[in-house]
Amino acid sequence: MTEHRFLRALKREPVDTTPVWIMRQAGRYLPEYRATRERAGSFLALAKTPELACEVTLQPIERFELDAAILFSDILTIPDAMGLGLHFVDGEGPKFRHPLRSREAIMKLGVPDPETDLRYVTDALRLIRHELADRVPLIGFSGSPWTLACYMIEGSGSSNFSSAKALMWNDPKAMHHLLDINTRAVCSYLAAQAAAGAQTLMVFDSWGGMLAPDQFVEFSQRYLTTIAQTLKGDPATRDIPLILFSKGANGHLEGLADSGCDALGLDWTIRLSEARERVGSRVALQGNLDPATLAANPEAIRKAVRETMQSFGDGPGHVFNLGHGITPDIDPDHVKVLVDAVHEFGRR
């Protein structure tokens, strides 16, 4: 059987046309998602009920000709499993009932067991993989050690994560201890996802780009590299493609490409041509259309898709995606325009 074009593209092998999937493709812009979410009663109930997580994971696959499905979950499952008490406040996003407010709290943390503490995730993956019946590959994911630490210390989202940065400056040993625990937890979690059926793994370093260059290398890139080296050193995960996406960290593409990952996700603030020139043939590239483009008219969307693909140029190794997650205000018909345009313009 021919391997899926998404997996081939991540290995920088020739494909019949450019593959495409969309970050947050199972989300509030879809009426069917909103209906399932209402039935679940809350976002967390949706994410923690394997049957419902499976249902919403498959919704965009049924509607669009996407080339990959991504597990419906949240990047903050690990700290929740560590006992920090994840909950969501309407209009305010994720919050923790027990944020890390002291060195002692950090020292008490342990690495969760994915098959017990996060069983709802691995159960969902097994179910999704079965229901997909190999139509498209399945992506599993985690938040990055630094991004998890930001939320764990701050207790919620933030415009600058000043509490996390203060710990980094005031007590770097405690921060490195936290990042080491998070790294071991992410490695264990991603390995469990692969064992449960994930065919690609992705790490979302959503807040890496908030760090100054030297701090990024020390507190984010270093741990992303450890994750890549650990997964690539384990026979069980060695052949599972790994995508690293560090939003806002375009100054560090060379270092990230040297981590041992298979692909880099890119936000929309860099040209694909420049990124490709800088990383050469070391990794595939995923991205990188501005998500707001989907609010434009269909012709403008097609033009932007064509320009993005022209920026990447010829040759293998491009997975089309947005430069960040799709937003709730988008018309699903515009997503179809994007997906169809990628396949049309990407034909070899």
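# Questions on a predicted model

Me: In which strand does Asn 288 lie?
Reply: Asn 288 lies in strand E8. This is a predicted model, where local features need pLDDT of at least 70, side-chain atom pairs count only at pLDDT 80 or more, and totals for chains, interfaces and linings use all residues. Residues are numbered from 1 along each chain as its sequence is written, and side-chain values use heavy atoms, with hydrogens and water left out. Strands (E, at least two residues) and helices (H or I, at least four) are DSSP runs, numbered from the N terminus.

Me: What makes the peptide bond from Gly 287 to Asn 288 cis?
Reply: Its omega is near -5 degrees.

Me: Why is E8 called largely enclosed?
Reply: Buried means under 20% relative accessible area, exposed over 50%, and partly exposed in between, with a 1.4 Å probe and protein chains only. Six of the six residues of E8 are buried, so the rest of the structure largely encloses this strand.

Me: How do you know that E7 and E8 pair?
Reply: Two strands pair if DSSP finds at least two bridges between them. E7 and E8 run parallel and are joined by three bridges, so they pair. In one of these, Ala 263 has Ala 284 of E8 as its bridge partner.

Me: How do you know that E4 and E5 pair?
Reply: Strand E4 (residues 138–143) and strand E5 (residues 200–205) share five bridges in the parallel sense. Phe 141 stands opposite Met 202 in E5.

Me: What makes E1 and E9 edge strands?
Reply: The open sheet has seven strands with parallel pairing, in the order E1-E4-E5-E6-E7-E8-E9. Strand E1 (69–70) and strand E9 (318–322) each have a single partner strand, so one side of each lacks a neighbour in the sheet.

Me: How do you know that helix H13 packs on the sheet?
Reply: Contact means heavy atoms within 4.5 Å. Helix H13 (residues 272–279) touches strand E7 (263–265), strand E8 (284–289) and E9. The direction of H13 makes about 160 degrees with that of E8. Axes here are lines fitted to C-alpha atoms, for helices over the stretch in contact, and angles run from 0 to 180 degrees between N-to-C directions.

Me: Why is Ala 133 called exposed?
Reply: Ala 133 has a relative accessible area of 58%, so it counts as exposed. Ala 133 lies in the loop between helix H7 (119–132) and E4. Phi of Ala 133 is near 50 degrees, a positive value in a residue other than glycine.

Me: What makes helix H8 mostly covered?
Reply: In helix H8 (residues 145–154), 10 of its 10 residues are buried. Among them are Trp 146, Tyr 151 and Glu 154. Gly 155 follows H8, with a positive phi near 90 degrees.

Me: Why is H5 called largely enclosed?
Reply: Six of the eight residues of H5 are buried, so the rest of the structure largely encloses this helix. The buried residues include Ile 78, Asp 80 and Met 82.

Me: What makes a space a cavity or a pocket?
Reply: On a 1 Å grid over the protein atoms alone, a cavity is a set of points where a 1.4 Å probe fits but cannot get out. A pocket is an open set with protein on both sides within 12 Å along at least five of seven lines. Lining residues have an atom within 4 Å of a point. Grid points are joined across faces, edges and corners, and a volume is the space filled by probe spheres set on the points.

Me: How many cavities of 30 Å³ or more are counted?
Reply: The count is one. The largest cavity holds about 30 Å³ of space. Residues lining the largest cavity include Phe 43, Asp 80 and Tyr 120. Helix H3 (43–48) and helix H5 (77–84) are the elements that each give two or more residues. H3 gives the largest share, four residues.

Me: Which residues lie closest to the centre of the largest pocket?
Reply: The largest pocket holds about 1300 Å³ of space. Of its 40 lining residues, Arg 24, Arg 28, Phe 43, Asp 74 and Phe 88 are the closest to its centre.
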